[in-house]
Amino acid sequence: MLNLLRFRDVADYAQTPALQPGTPISGEEAYRRYMEHTRPHLAASGGEILFFGRGGDFLIGPSEERWDAVMLVRQASARAFLAFASNEQYLDGMGHRLAALADSRLLPLVPEAA
């Protein structure tokens, strides 16, 4: 799965105030908290992060579109992803992701046989 991520300048915990830290944090920091919470659940589902890095402006694409970070995640299967995405313990930390992101895209990728 290809994840394109655009962070808020300041994380917005309005939808999940119970997760809000004592002082304001950046969207990037809120996403870091989301990933710390998520990694064990991802691993338990057979998934792994293959790449996480800075994004930016497109070389080819809309000049007004930019992404702060890009992540590539491999899941064991579509079934494993659905089980991961509906896991109650994983969902308990989803508020950090909601607070962190101004926008995002998730593109499932399927390898072709060689």
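View 1. Helices (H or I, at least four residues) and strands (E, at least two) are DSSP runs, numbered from the N terminus. This is a predicted model; local features need pLDDT of at least 70, side-chain atom pairs count only at pLDDT 80 or more, and totals for chains, interfaces and linings use all residues. Residues are numbered from 1 along each chain as its sequence is written, and side-chain values use heavy atoms, with hydrogens and water left out.

View 2. The C-alpha trace spans about 50 × 40 × 20 Å along its principal axes. Of the 114 residues, 32% count as buried (under 20% relative accessible area; exposed is over 50%, partly exposed in between; 1.4 Å probe, protein chains only). Among contacts (heavy atoms within 4.5 Å) with a separation of 6 or more, 66% join residues 24 or more positions apart.

**View 3. Four strands form an open, antiparallel sheet in the order 2-3-1-4.** Strand 2 (48–54) and strand 4 (101–107) are the edges, each pairing on one side only. Pairing requires at least two DSSP bridges between two strands. The twist averages 15 degrees from one strand to the next. Axes are lines fitted to C-alpha atoms, for helices over the stretch in contact, and angles run from 0 to 180 degrees between N-to-C directions.

**View 4. Strand 1 (residues 2–7) joins strand 3 through four bridges, running antiparallel.** Here L4 stands opposite V70 of strand 3. Strand 1 also pairs with strand 4, again antiparallel, over six bridges. On that side, R6 has D103 as its bridge partner. Five of the six residues of strand 1 are buried, so this strand is largely enclosed by the rest of the structure.

**View 5. Helix 1 bends by about 40 degrees at T38.** The bend is the angle between axes fitted to the seven residues ending at a residue and the seven starting there. The 18 residues of helix 1 should span 26 Å at 1.5 Å a residue, and the end C-alpha atoms are 26 Å apart, which agrees. The expected span is 1.5 Å times one less than the number of residues. Buried residues of helix 1 include A30, Y31, Y34 and T38.

**View 6. The largest nonpolar core has 18 residues.** Such a core is a set of buried Ala, Val, Leu, Ile, Met, Phe, Trp, Tyr and Cys residues joined through side-chain atoms within 4.5 Å. Strand 1, helix 1, strand 3 and helix 4 (94–100) each give two or more residues. Helix 1 supplies the largest share, five residues. L5, F7, A11, Y13, A30, Y31 and L101 have the most contacts inside the core. Leaving out residues up to four places away in sequence, F7 touches G27, E28, Y31, D68, A69, A100, L101 and A102.

**View 7. L72 lies in strand 3 (residues 69–74).** L72 is partly exposed, at a relative accessible area of 27%. Beyond its neighbours within four places in sequence, L72 contacts M1, L2, E48, I49, L50, F51 and L109. L72 and G53 are 19 residues apart in sequence, and their C-alpha atoms are 9.3 Å apart in space.
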